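Hello,

Here is the structure I promised to pass on. My notes follow below it.

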Protein chains: 2
Amino acid sequence: MSLHEEMVAMGDKAVVAARELVLLGSRKKNNILQAMADEMEANAEVIKESNKKDMAAAKEAGLSSALQDRLLLTDTRITSMAKGLREVAGLKDPVGKAISRWIRPNGLEIVKTRVPIGVITVIYESRPNVTAETAALCLKTSNAIILRGGKESLHSNKAIAEALNAGGRKKGMPQNAIQIVQTVDRDAIRELVQLEGKIDLVIPRGGEGLIRAVTEQARIPVIKHYKGVCHVYVDETADLEMALRIVENAKCQRPGVCNAVETLLVHESIAPQFLPQVSEQLIKLGVTLKGDAAARELVPAMEPANEADWYEEYLDLVLSVGVVASPKAAVGHINKYGTHHSDAIIAESEGAQKMFTKEVDSSTVYVNASTRFTDGNEFGMGAEIGISTDKLHARGPMGLEELTTYKYIVHGKGQVRE
Amino acid sequence: MSLHEEMVAMGDKAVVAARELVLLGSRKKNNILQAMADEMEANAEVIKESNKKDMAAAKEAGLSSALQDRLLLTDTRITSMAKGLREVAGLKDPVGKAISRWIRPNGLEIVKTRVPIGVITVIYESRPNVTAETAALCLKTSNAIILRGGKESLHSNKAIAEALNAGGRKKGMPQNAIQIVQTVDRDAIRELVQLEGKIDLVIPRGGEGLIRAVTEQARIPVIKHYKGVCHVYVDETADLEMALRIVENAKCQRPGVCNAVETLLVHESIAPQFLPQVSEQLIKLGVTLKGDAAARELVPAMEPANEADWYEEYLDLVLSVGVVASPKAAVGHINKYGTHHSDAIIAESEGAQKMFTKEVDSSTVYVNASTRFTDGNEFGMGAEIGISTDKLHARGPMGLEELTTYKYIVHGKGQVRE
């Protein structure tokens, strides 16, 4: 069987599974998720054995210790995956809910109803816990899933999927609801993302190269989880103590994530007061600052920021710093250099707040709060499959609702069109 | 300037226009739409002159009289376009509306707010009135638009766009809110649909070839308006008089549109009674019937249906007819051969109705009504840009709401993440 035939066969199986998943009620799906969690814990040793193979290969390939750590599965991490499955079981099932309902003058009753998307493919890198998380969210929303993890975690992913499938089967999960691509051949990705009519959505989660390749090759809809070049703008009307607290949090609390701030913009009228303060505090915390000319005049300790820096997602204790003449200039900078992810204004002026929230073209716009809150849990969605940087279908944190679509169910009494 | 540079420049201008469109309030947008309508009527002679050039070329190229008719602009048609613009002015503006609002335990207030998508490209064929319709719907939702019509209607489209722009300018419409691709070079389409970061959405409206080309080339999200292979299933519990009326309406009231029925499926237990009746009625109305073996046994006047016929969108007075053993078998047929557009069950049995609406994977599923109601106006949306056959973002009739996305506006009082 060629790679193409193999992927087509997976797609066909997923379509059949999706039709069966539509029939499952919430209680049944929750039982399946509980059984998956139990099976995962019962098979912890098997999973760790498989993980050892990946770890050995990772060492041999010379993966960085950070990457090796992301790959490693311990008892604690396996328990935490199982706990995640049980938490998804506890969430509200959005499938089958009426989004809206209206009656037309001719008596037709239209109900816009939430339904599964169908077949979803998630293409991801490195961390094997994504396998369990993603499978759980898709099962909960009655979507069939085809998972394509990184080659470095193939053994771990397979062992996790086997546990999920074994647990699920005990409670009547349809066959092939969860499938894992068994080959490390990169061409499998191209084959998958061209399976029009079989796969309804592909979600790439990983580095820029992966996302770009998927976007270029895809003939099916893609929802990108792209980088976050997030900004905090400190207005001249800001409470500067609050601004200090927020900038520190947005940069330092967890610098390696997409909702951490990468660029600080400060209004010129408060820059002489605020920039030395915030710089002192950040430098103490180990942050490298890169400033524009105006910022460096006030804080000579800053390195110079070049044009490319404003586009940079550092994911590290590095911060670009710019001085702007007005809130409008801040918005201009953010819309130009940002990635439409999460951006904040710190201001007491309602006018500046309103202008900022209206004109900044980002999935989440904050007033007087840290950008770090862009997250499914923090938003109260309970869980997320990622944070969409696209504008279509899902924007920002993608929870269970975003893994559904809708259909119109129309009841009549024999109406025909005039 | 190369074609690539030309399209990039259009994209850049559209991005600027989109930022300005965000600032317009509903009243201003409605005034712009009214002024466009006035200008269109005032320039009827100019538009007809331009249309004459297209008509002459069409005759020379030997376009069918049907296509020539679609291309023709008369005073009545121009008045009707202007009326359409005024109707859009009268619709509710979805932009800026709160979709939902909640407060988190930490006091953060999250408002999910409807916002424009940004820059939309519509690629269409033939009918020049699409130019006015589409521009109006995008303006109303504060989206900038790049229009790429068929080469056969270029002069007409340009004249219409000039009237729209002239009218709009009088009331402060941002420059370049409505742009028309000025070249008939087909490569312009490829260039446009690869303008990531500039164009947010492309909507192809036209034949299968056009849609396929766009899907294969696009690196930006596409919402397809694809064909409708729609079904009516007549259950053994159907009110047969109602079934007759609905089948006739769904097939004959306007056979050339995507929500007309193409396949009739009849339960075997009522086929001996129903098929001869419905066939007699349809044949009288000029319909050609293509039946499977069981149907032809009951109605020998039918031509034989082959496998390819079940996939066929006839858009004509032709109907495929099949006999099925159960409602489940009807659903299986529809999900296999259909295009997930509009499908109906005629049945009194609530069990059959529920199974059908749950399991048929189509944008609109009808119980005891004609498939012909899948339409923005019939749904009460007021206007539509088309009928999406995709599952992501917009499914079924696409009205104003479907031309928007959302962002989260989060208000805090200095909250930081723990």
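I start with a helix pair. In this predicted model, the axes of helix 6 (residues 129-140) of chain B and helix 7 (residues 154-170) of chain B come within 8 Å and cross at roughly 35°. Axes are lines fitted to C-alpha atoms, for helices over the stretch in contact, with angles from 0 to 180 degrees between N-to-C directions. Helices (H or I, at least four residues) and strands (E, at least two) are DSSP runs, numbered from the N terminus. The crossing of helix 6 and helix 7 of chain B is right-handed (near helix turned clockwise from the far one by less than a right angle).

Helix 6 of chain B brings Thr131(B), Ala132(B) and Ala135(B) to the contact; helix 7 of chain B brings Asn157(B), Ile160(B), Ala161(B) and Leu164(B). Contact here means C-beta atoms, placed from the backbone, within 7 Å. By class, five of these residues are nonpolar, two are polar and none is charged. Ala, Val, Leu, Ile, Met, Phe, Trp, Tyr, Cys and Pro count as nonpolar, Asp, Glu, Lys and Arg as charged, and the others, Gly among them, as polar.

On conventions: residues are numbered from 1 along each chain as its sequence is written, and chains are lettered from A and ligands numbered from 1 in the order written. Local features need pLDDT of at least 70, side-chain atom pairs count only at pLDDT 80 or more, and totals for chains, interfaces and linings use all residues.

Finally, the interface. It takes 56 residues from chain B and 55 residues from chain A. Strand 16 of chain B gives the largest share of chain B's side, 11 residues. That side divides into 21 nonpolar, 19 polar and 16 charged residues.

Best wishes

Technical notes: Two residues are in contact if their C-beta atoms, placed from the backbone, lie within 7 Å.
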